[in-house]
Amino acid sequence: MRAQKASERLKTLKTQHNLTFIALQEPMTKSSKIERFQFELGVQHSYYNRNNKIWLFWTDDHILNILEDTEQQVTCTISHHMSHAPLLLTVVYAKCKAHQRQKLWTELTTIADRVQGVWGVVGDFNVIIDTMEKEGGRPYRIEKSIDFLSCIDECGLQDTGFCGPRYKWSDNRGAPKTIWKRLDRLLFNIEWSDEFSETSVEHLARVCSDHAPLLINLKKASTMRPKYFKFLDFWTKYEDFLSVVTEEWQKTVQGNTLWTLHQKLKRVSRRLTVWSRQAFGDIYEEPKMLEKQINDLETMHIFDTTPAHRAELNEAKAKYVRFLKIQEEVLVQKAKAQWLEEGDRNTAYFHSIIKGRRKRLSILKIQDDDG
C-alpha cells in the first residue's frame, strides 16, 4: 500500500470495524511517518520492526509487550486491559524467495518450543499451502510449500480458515495473465482454539492494494439491549428530511398541549426511523453487504473483464465509500455522547467538575453600601 492510500484505507476500516489492534505489512514509507499514521488512526501506541516492514498500532484497550523483533517477524504478548491472561502473537512478513524464508521457519519453530499457552501467527507468508490457493499463471508445484507445511506441523499450528474470496493477493496484471493467490492467513495452536473457539477470519475487499486485508474477530457473547430512538445528525444534510418532519408534524392530534407535543414527537421519531431505513438501509449492514458484493465482483473480474462488469464494480465501490462517510458521521456523534456518558459515570471526574463550579459560584462575603 502506498502511504496515503494506506492511511485512508486503514482509517475507514478502523472506523467501520472498531479496530483496536492493527498490523500493517510493507507500509512503503519511512518509519518516521508512523506517528502521523498513529495520529490519523486515533490510536495511542505504535511500533515498527527493525527493517520497517511490519507496523503495529494498538489502543489503550490493550497492553502489548514486544518480545522478539527480526526482519521477518515481530512476536509480542497482547492482552486486554481488563484481562490478566495475555496471548502470544507473532506478526510475519515473509521474504519473497524460498531460501530467505528458511530463517523465518526456524524462528517460528524456536518460538513453538518455548511457548506456553495461547499462540497465534498472522501475516503475509508469501507462500501457499495448497494448489487450490492459486489461480492463473503456471501450474503450482506443491514441493515449493514443503518447508512451510513442515514448519506448520512442527509448530503444532492449524489454519483458521476464512470467509470471503479465496484469493487475497493479485499481481494486478490484465486478464488473462492475472495471477491470484492466498498468501495471508492466521495460524494458531490448540490452546488458542480452546480459549477463542469462535475466532473468525474474513477476507475484506481488495480496494487500494495488491493484498486484501484480513479482519480477525475473537467473538464474545453479546447481550441484547433494548433499542431506543436516536436522532442522527447526518439526516439534516438531506433534502427529504425537512419535508418528512413537516408532513408528520402538521398532522392533527386531539388532546391537551402536553399530550399533543408527546404524540407529535412520537410520530416524528417513528416516521424518521422508517424514512432512514428506506433511504439508507442499515448503515452498519449495508457496508458489509457491499464489501461482499465487491469481493464477488472482483472474483468474477478474473474471468469477466468487460467494461460493463468494471462499471458495476466501480459503482459498488462508490456506494461503499458513501456509506463509510455516513458511518463516520454517526460514529463521531456517538463518540461525543459516549464522552458525556463516561464523564458522568466517572464519579471522581464528575465530582471534581461540580466542586470547581461550586467554588467559582460560591459567595464568601457580601459588602454593603457602608463597606
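Modeller: The closest cysteine sulfur to that of C155 belongs to C151 and lies 3.9 Å away, which is too far for a bond. A disulfide here is a pair of cysteine sulfur atoms within 2.5 Å, and by this rule the count is 0. The model is predicted, so local features need pLDDT of at least 70 and side-chain atom pairs count only at pLDDT 80 or more, whereas totals for chains, interfaces and linings use all residues. Residues are numbered from 1 along each chain as its sequence is written, and side-chain values use heavy atoms, with hydrogens and water left out. C155 is buried at 8% relative accessibility, while C163 is partly exposed at 41%; buried means under 20% relative accessible area, exposed over 50%, and partly exposed in between, with a 1.4 Å probe and protein chains only.

Turning to the strands, an open sheet of 6 runs in the order 4-5-6-7-12-9 with mixed pairing. Strand 4 (62–69) and strand 9 (158–159) stand at its edges with a single partner strand each, so one side of each has no neighbour in the sheet. Strands are DSSP runs (E, at least two residues), numbered from the N terminus, and two of them pair if DSSP finds at least two bridges between them. Within the sheet, strand 7 (residues 119–124) and strand 12 (residues 184–188) run antiparallel and are joined by 5 bridges, with V122 standing opposite L186 of strand 12.

Key: Helix = DSSP H or I, 4+ residues; strand = E, 2+ residues; numbered from the N terminus.
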